[in-house]
Amino acid sequence: MSLFQELKRRNVFRVALAYGVVAWLAVQIADVMIDNIGAPDWLFQTILLVLAIGFPIALVLAWAFELTPEGIKREDEVDRTKSITPQTGRRLDRGIIILLALVVGWFLVDEFIVEPRQAAGPERAVEARDGSAPAIVSSYGDIAPPKTIAVLPFADLSQSQDQAWFADGLAEEILNTLARTPDLLVTSRTAAFAYRDSTTPLVEIADELGVDHILEGSVRRAGNRLRVSAQLIRAEDGFQLWSQTYDRDEQDVIALQEALAVAIATALETTMDPEALEAMLSAGTRNVEAYQAYLAGTALRGRAFVEADFKLSRDAYDAFEQARTLDPNFSAAHAEAASYWRFELTISRRGQSRIDLDLDEKMARFRERIGAAIETAPNAIDRQRHEMLLATAQFRVRDVIQLARNLLEARPYDTDVLEELYNAAAWASDREVMAEANEHALRMDELGVPLAA
């Protein structure tokens, strides 16, 4: 009997074919699962190596052993008078047919369901905690020209001139709130607040910042009463698109901020429907004391950044801690407190920090606060942003990449998220994702989106 006939009789060819089909299915499933769970790259390479090593082992076992009704036996122990080989061959044939049917099914699903969806680009919904209607936002990579705005620091017109912290905090919170709107590009605080007390005409400021609109305002506080005035200017001709003066009790400060943000976004004709817009621009707390502590922290954090003053950073952190203590459901306050500890974990702080805690304790404090931010996040997008920061701190690179992609689908002009995506791709040595991030950055640059603060 020739070698070919002997290999055929011992079902070596059938085993080789069955192993190849099973290995192919295993690779496809592993590829999908590993991307979704954020496993390290070496796991997929290990699976490929194991499957490659297993192939010759499977062939050797097929040559040396036979599957019989009595179980697996060595080839030389099989009674050939009972025609065992044809029975085994038929079983293998049926198994191969089933496996091939699975391969065809996988191919059809991938070709006619998965690929068309990916080609069309996923539409992502921003889900509000209060159950309001979700808003569909733009697909990652499909960036339309943005509406651009700069929020200048609000002037403190109070008689005692002691409300600068409140004016700064309110202006920055409006800036941060508008930045959540998918089709608005908001200039960074650093760039906009550089024009504090500037006598430069608004049209020139807009030109220097590269924006189409300017928001300016003022705050006057007398006792428990607040007067906040704001006006939205179109840079092209200096035309006032919208203006409003609010006279409110200080207990209405949260509703005032939300009303301001919604009115501005509406005046800029954003694509979000009114209910989804209000949910997206919510302050995140109804506790006035917590909100005012948060505004104080926001103003202190901004000053700390400009003045490079770590003591001010600590003061800001204390204010955020107060805010999150007053309202344990205040996600933004949890996130800001977490950002302080994330900064303490950076390499640049090694040897400079005056906080006598080891890295494990700092990480524990960061995780506790970012975990609270995730738990109380008002919508899916904010939750994913916090999850991305946690994944970054834990070096879960694949999770960072997936979450950053999701966020850029919802907020395509978010340069901070784009930077996280690029850094994660660099850590993973993933040239494909780095090219993807570069392409997105180039598209943003073509649209005039500044890629640095």
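Residues count as buried under 20% relative accessible area, as exposed over 50%, and as partly exposed in between (1.4 Å probe, protein chains only). The model is predicted: local features need pLDDT of at least 70, side-chain atom pairs count only at pLDDT 80 or more, and totals for chains, interfaces and linings use all residues. Residues are numbered from 1 along each chain as its sequence is written, and side-chain values use heavy atoms, with hydrogens and water left out.

The protein has 17 helices and ten strands. These elements are DSSP runs numbered from the N terminus: H or I of at least four residues for helices, E of at least two for strands. Of the 453 residues, 44% count as buried. The accessible surface comes to about 23,600 Å². Carbon and sulfur atoms hold 55% of that surface. Areas come from the Shrake-Rupley method with a 1.4 Å probe; for residues, only the protein chains shown count as cover. Contact means heavy atoms within 4.5 Å. Among contacts between residues at least 6 apart in sequence, 60% join residues at least 24 apart.

Nonpolar cores were examined next. Such a core is a set of buried Ala, Val, Leu, Ile, Met, Phe, Trp, Tyr and Cys residues joined through side-chain atoms within 4.5 Å. In soluble globular proteins, nonpolar side chains tend to be buried together. The largest core here has 70 residues. Phe154, Leu170, Leu178, Leu215, Trp242 and Ile264 touch the most other members. Helix 8 supplies the largest share of this core, nine residues. A second, separate core holds 25 residues, among them Val400, Ala410, Val417 and Ala441. Residues up to four places away in sequence aside, Leu170 touches Phe154, Val219, Val228, Leu256, Gln257, Tyr291 and Leu295.

Helix 10 packs against two helices described here. Axes are lines fitted to C-alpha atoms, for helices over the stretch in contact, and angles run from 0 to 180 degrees between N-to-C directions. Angles under 35 degrees count as roughly parallel, over 145 as roughly antiparallel, 65 to 115 as roughly perpendicular and the rest as oblique. Helix 8 (residues 253-267) meets helix 10 (residues 288-307) at an angle of about 60°, with the axes 9 Å apart. Helix 8 and helix 10 are therefore oblique to each other. The contact joins Val253, Ile254 and Gln257 in helix 8 to Val288, Tyr291 and Gln292 in helix 10. By class, the contact of helix 8 with helix 10 has four nonpolar, two polar and no charged residues. In this scheme Ala, Val, Leu, Ile, Met, Phe, Trp, Tyr, Cys and Pro are nonpolar, Asp, Glu, Lys and Arg are charged, and the others, Gly among them, are polar.

The axes of helix 5 (residues 164-178) and helix 10 come within 8 Å and cross at roughly 90°. Helix 5 is thus roughly perpendicular to helix 10. On the helix 5 side, the contact includes Trp165, Phe166, Leu170 and Asn176. The helix 10 side includes Tyr291, Gln292, Leu295 and Arg301. This contact of helix 5 with helix 10 has eight nonpolar, five polar and four charged residues.

Gln292 lies in helix 10. At 14% relative accessibility, Gln292 counts as buried. Beyond residues up to four places away in sequence, Gln292 touches Trp165, Arg221, Glu250 and Val253.

Asn287 lies in the loop between helix 9 (274-280) and helix 10. Its relative accessible area is 24%, so Asn287 is partly exposed. Neighbours within four places in sequence aside, Asn287 is in contact with Ile254, Leu326 and Asp327. Asn287 and Leu326 are 39 residues apart along the chain, and their C-alpha atoms are separated by 7.5 Å. Thr266, in helix 8, is partly exposed at 47% relative accessible area. The C-alpha atoms of Thr266 and Leu277, eleven residues apart along the chain, are separated by 8.6 Å.

Backbone torsions complete the description. Most residues other than glycine have a negative phi, and most peptide bonds are trans. Asp197 has a positive phi of about 60° although it is not a glycine. Asp197 sits in the loop between helix 6 (189-193) and helix 7 (202-209) and is exposed, with a relative accessible area of 71%. Phe395, also not a glycine, has a positive phi of about 60°. The loop between helix 14 (380-393) and helix 15 (397-410) holds Phe395, which is exposed at 60% relative accessible area.
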